[in-house]
Structure formats: C-alpha cells, structure tokens
Amino acid sequence: MKQKGFTLIELIIVIVVLGILAVTAAPQFINFSSDARESTVKGAQASIQGAMQLVYAKSLIDGSESADKSDSPAPEVATENGAVTIHLGYPTADAAGITKAAGLESDWVATPGAGSAAEASPAAGSIGFSPAGATVNYDGSSDSCHVLYTESTSGTNASVSVNVDGC
C-alpha cells in the first residue's frame with residue numbers, strides 16, 4: 001500500500017514561500033494608522049473649504065461681505081452650527097469663526113495664530129487643526145500633519161492649506 005502526502009522538502013518550500021509573502025506584504029498593512037490620519041486631515045480640509053464657501057455665500061446674501069471683525073458688534077452670519085463671526089465675508093480664524101462653521105469643536109486640536117509663524121503655532125490671522133497625537137509644526141519647513149486656515153485680509157480671500165508629510 002502506497003502512502004500519500006507531502007514530503008518534508010515540499011513542506012519546507014511552502015513555509016519559505018509563505019514567509020517571503022508575509023515579509024513583503026507586512027509593511028503594506030503596518031502603515032494603516034498614518035494613512036487613516038492623512039485621510040482624516042484631508043477630510044477636515046474639505047469640511048473647512050465647504051464651510052468657508054457657505055459662510056461667504058451667506059454673507060453675500062446678507063450684504064455683510066464687507067464687514068470688518070473690528071466692528072462693534074462683531075459681524076456674524078447664522079449657520080446650522082450657530083452664529084459664526086466673519087471678517088470681510090469669510091469666517092474668522094478662531095473658535096467663533098471657522099471652528100464653529102466647520103463643526104470642528106471636538107475631536108480636533110485647534111491652535112490659534114500667535115503672531116509669528118513659529119514651529120508651535122501658526123501666524124496671526126490663522127488657525128491650525130490637527131488630529132490628536134499628530135506631528136504638528138507650523139514653520140513651513142518641517143514635517144507636519146495639519147490643516148491651516150488663514151482668514152481673509154483686504155485684497156485676499158480666506159485660504160485653506162494642508163500638510164500631510166508628517167502623518
């Protein structure tokens with residue numbers, strides 16, 4: 001009677017092939033957290049851009065697109081998230097402006113501008129948003145994982161930029 005089965009050499013070859021596949025495939029799966037963080041930051045960028053445009057459209061309808069944030073009382077437009085403060089039609093770069101308009105009050109680390117573009121904070125008139133635990137540098141030269149909103153000034157519209165190099 002003849003036995004059927006695998007020889008020892010055949011089993012070793014299969015194990016070696018599986019090991020090679022595991023070594024080449026593992027790095028593709030290990031990077032999931034940074035890919036997820038990058039996607040989250042890009043989603044926040046889209047949310048901020050959408051909120052910025054909606055608030056600007058609302059300020060055009062209300063006729064408040066030329067209102068200055070230094071006016072008293074501060075100009076506002078009504079949104080589904082509540083009253084949003086504006087400057088030249090766009091949300092201001094603070095908690096009462098773009099943070100509220102985009103609905104980023106929770107789950108995001110917001111860093112308001114401190115006056116100069118230092119590594120730890122964005123320039124004045126800007127606010128940065130990053131996911132918890134992300135690498136954040138606002139100096140423009142370092143790896144970082146954040147969205148940066150810059151409010152409008154006379155002659156320029158508000159803008160949104162994203163840096164995902166450090167995600």
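Author: Start with a cut-off: buried means under 20% relative accessible area. The model is predicted. In helix 2, Ser34, Val41, Ala44, Gln45, Ile48, Ala51, Met52, Val55 and Ser59 are buried.

Reader: Why is Val14 called partly exposed?

Author: Its relative accessibility is 48%. Exposed needs over 50%, and buried needs under 20%. Val14 lies in between, so it counts as partly exposed.

Reader: Where is Val14, and what makes the nonpolar surface patch?

Author: Val14 sits in helix 1, residues 8–30. The patch is made by Ile9, Ile13, Val14, Val17, Leu18 and Leu21. It covers about 580 Å². Patch members need over 30% relative accessible area. Val14, at 48%, passes that cut-off.

Reader: What follows helix 2?

Author: Gly63 does, with a positive phi near 75°.

Reader: Which residues line the largest pocket?

Author: Gly50, Ala51, Leu54, Val55, Lys58, Ala78, Thr79, Glu80, Asn81 and Ala101 line it. Two elements, helix 2 and strand 1 (76–79), each give two or more residues to that lining. Helix 2 gives the largest share, 5 residues. About 170 Å³ of space lies in this pocket.

Reader: What makes these count as lining residues?

Author: A lining residue has an atom within 4 Å of a pocket point. Ala51 and Val55 are among those in the lining, and both are also buried in helix 2.

Note on methods. Residues are numbered from 1 along each chain as its sequence is written. This is a predicted model: local features need pLDDT of at least 70, side-chain atom pairs count only at pLDDT 80 or more; totals for chains, interfaces and linings use all residues. Side-chain values use heavy atoms; hydrogens and water are left out. Patches are made of residues with over 30% relative accessible area and no salt bridge: like charges are joined within 9 Å, nonpolar side chains (Val, Leu, Ile, Met, Phe, Trp, Tyr) within 5 Å. Accessible areas come from the Shrake-Rupley method with a 1.4 Å probe; for residues, only the protein chains shown count as cover. A salt bridge is a side-chain nitrogen of Lys or Arg within 4 Å of a carboxyl oxygen of Asp or Glu. Helices (H or I, at least four residues) and strands (E, at least two) are DSSP runs, numbered from the N terminus. Buried means under 20% relative accessible area, exposed over 50%, partly exposed in between (1.4 Å probe, protein chains only). On a 1 Å grid over the protein atoms alone, a cavity is a set of points where a 1.4 Å probe fits but cannot get out, and a pocket is an open set with protein on both sides within 12 Å along at least five of seven lines; lining residues have an atom within 4 Å of a point. Grid points are joined across faces, edges and corners, and a volume is the space filled by probe spheres set on the points.
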